[in-house]
Amino acid sequence: MAPSWFVVAITWLASLAFLSRIFTSRRNQLKLPPGPKPWPIIGNLNLIDSLPHQSLHKLSQKYGPLMQLKFGSYPVVVASSADMAKQFLKNHDQNFASRPQTAAGKHTTYNYKNITWAPYGPYWRQGRKIYLNELFSSKRLESFEYIRVEEMRAFVSRLYGFSGKPVVLKEHLSRATLSVISRIVLGKKYFSESDDQLETSIVTLKEFQEILDELFLLNGVLNIGDWIPWLDFLDLQGYLKRMKALKKKLDRFHEHVFNEHKSKKKELKDFVPQDMVDLLLQLADDPDIDVKLSYDGVRGFTQKKEKKRAFCFAPLLLDDNFSCFVNRDQDLVAGGTDTSATTVEWAISELIKQPQLIKKATEELDRVIGRERWVEEKDIPQLPYIDAIMKETMRKHPVAVMLAPHLALEDCLVAGYDIRKGTTVFINTWSMGRDPSLWEEPEDFRPERFLGKKIDVKGQHFELLPFGSGRRMCPGYSLGLKMIRSSLANLLHGFNWKLPDNTKAEDLSMEEVYGLATPRKFPLVAVLEPRLPLHLYKI
Ligand code: HEM
């Protein structure tokens, strides 16, 4: 074992190396050929333990909406305005449609085999096509509406049980969104909600939520080894160890889900897909599909020593384990859960500080819906104020504060600056939401700013990009929007909200935790009371 002084010395040297190199943007250091515009020189900055999007926001106020920096050994470009975002996500979309290779992609998504981390190319393109044409088609999403309705009723009914008491809202929101997504993607919840289900479930609700939280956090961290590869083996922040531990948990879970679906499919003569995993299995058997898929049996999963092979794109993409299958459902379960719950938690946190906004929302709900029923998805177009609250939340608290990283496939000239092949690009949507040239009083939470405006969130209006835009735009946005709008509307329709007696509105912390999703640092604790006739809360 290495003596402890050696570890201390190496850690010290590594930190020094990292801190002195991160976030510098000297043109000569990057050895760029002379280009039309010189990059400005930026000093050193430590972002490791802080909130990178906020630090980068401050830098962009000084150096402008396009900055080139250096993270360890690699060039990084940050775009912080709507115009610059458009350059990368529209004008040069194809060139920036890849992803950098990170430890998270390697260890938690079986070597970049999910859609989120897959490099731009045929593998990613085929997977994305399946998402858009099969899994997220409007017909498919409509067919799952009954699941969203059932889980929404269960959610408000559970909350009603806590009337008058302080409630950690996010716990309930996550449970509701996780239930919806699990049933849509996996066919059932797979986690135990009560003690009597413990024996038949593979994980408890708490374990499942912890797994997803860890997945989101580790996929968003700035891991030193990603930026200074020769330090990777030291795992200075301990992230690699955590990623490997997480992978083991994910493996166990996915094997279980896959085996169950495979057996069900074998047993049934007239197999009709009930969920998205079934659908993927059916596609694997479809000889007519232009995207060829192949798998062979479940044997590989249970016999550990054998080479595992399950469900993959072929021939180009033949894979030697079950990663293709696993990563598709992982994309879906992880992508859909924390994102929606985080957005709704931010919305209620902002509203609870300004009761007059809640009053406006409930006036609209009473007028359009009345007090004798819950809000349904078909009502949403008639609720412009709810829509404005959601957009204002996405402006001020975008879930993916810097989207997911994009990678330059070729050298490229953007807005007059040279950007070299291999550069990582972050789009700082957090910063864009605070741009005073786009938003009056950007620090204020003011849904009214969206009323009567045509700005939407589907990637066409570059000042508001909660789902990104272009080739890598979130494929699950329509499901995400359905879940956010209907839970937000029903939470406001069904309950009066206030902070616990010991918390003043002005003291409510709005601090964030940085990751692939950016939730509240301190979960919102609120007290709620029913505002509809009590029989509506019973299921
Ligand atoms: C509030 C809800 C959601 C938000 C705010 C959100 C946001 C995002 C963002 C910002 C990206 C990266 C875009 C880029 O790289 O430029 C993304 C990608 C992705 N999202 Fe979502 N998302 C949400 C819901 C969902 C849902 C419900 C699913 C699936 C069930 C999903 C699956 C994915 C996948 C698979 C990708 C990777 C796409 C690719 O790299 O090609 N998301 N999402």
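Is Asp275 buried, partly exposed or exposed? Select it and count: Asp275 has 19 other C-beta atoms within 10 Å, so it is partly exposed. The scale used here calls a residue buried if 20 or more other C-beta atoms lie within 10 Å of its own, exposed if 12 or fewer, and partly exposed in between, with C-beta atoms placed from the backbone.

This is a predicted model, in which local features need pLDDT of at least 70 and side-chain atom pairs count only at pLDDT 80 or more, while totals for chains, interfaces and linings use all residues. Residues are numbered from 1 along each chain as its sequence is written.

**Whole chain**

The secondary structure comes to 19 helices and 13 strands; helices (H or I, at least four residues) and strands (E, at least two) are DSSP runs, numbered from the N terminus. Of the 539 residues, 45% count as buried. Among contacts between residues at least 6 apart in sequence, 70% join residues at least 24 apart. Two residues are in contact if their C-beta atoms, placed from the backbone, lie within 7 Å.

**Stop 1: Asp275**

Return to Asp275, which is found in the loop between helix 12 (239-267) and helix 13 (276-285). Show its partners: leaving aside neighbours within four places in sequence, Asp275 is in contact with Ile184, Val185, Leu186 and Gly187.

**Stop 2: Leu178**

Next select helix 9 (residues 169-186), where Leu178 is found. Leu178 counts as buried, with 24 C-beta neighbours inside 10 Å. Not counting residues up to four places away in sequence, Leu178 touches Phe208, Gln209 and Thr337. Leu212 is 34 residues from Leu178 in sequence, and the two C-alpha atoms are 9.7 Å apart.

**Stop 3**

Two strands pair if DSSP finds at least two bridges between them.

Strands of a sheet pair through backbone hydrogen bonds, either parallel or antiparallel. Strand 2 and strand 11 run parallel and are joined by four bridges; look for Val78 opposite Phe426 in strand 11. On its other pairing, strand 11 (residues 424-427) meets strand 8 in the antiparallel sense over two bridges, and Leu407 stands opposite Thr424 in strand 11.

Which residues of strand 11 are on each face? Thr424 and Phe426 are on one side and Val425 and Ile427 on the other; all are buried, and both faces are covered.

Axes here are lines fitted to C-alpha atoms, for helices over the stretch in contact, and angles run from 0 to 180 degrees between N-to-C directions.

**Stop 3: helix 17**

Select residues 384-396. Twelve of the 13 residues of helix 17 are buried, so the helix is largely enclosed by the rest of the structure. Charged side chains can be picked out in the buried set, which includes Asp387, Lys391, Glu392, Arg395 and Lys396. By class, Ala, Val, Leu, Ile, Met, Phe, Trp, Tyr, Cys and Pro count as nonpolar, Asp, Glu, Lys and Arg as charged, and the others, Gly among them, as polar.

Check the length as well: at 1.5 Å a residue, helix 17 should span 18 Å, and its end C-alpha atoms are 18 Å apart, which agrees. The expected span is 1.5 Å times one less than the number of residues.

**Stop 4: helices 16 and 19**

Select helix 16 (residues 355-368) and helix 19 (residues 477-494), whose axes come within 9 Å and cross at roughly 95°. That makes helix 16 roughly perpendicular to helix 19. Angles under 35 degrees count as roughly parallel, over 145 as roughly antiparallel, 65 to 115 as roughly perpendicular and the rest as oblique. Show Ile358, Ala361, Thr362 and Leu365 of helix 16 with Ala489, Leu492 and His493 of helix 19: these residues make the contact. The contact has five nonpolar, two polar and no charged residues.

**Stop 5: two positive phi values**

Most residues other than glycine have a negative phi. Asp235, not a glycine, has a positive phi of about 45°, and lies in the loop between helix 11 (224-227) and helix 12. Ala415 has a positive phi near 50° and sits in the loop between strand 9 (412-414) and strand 10 (417-419). Asp235 is partly exposed, with 17 other C-beta atoms within 10 Å; Ala415 is partly exposed, with 19.
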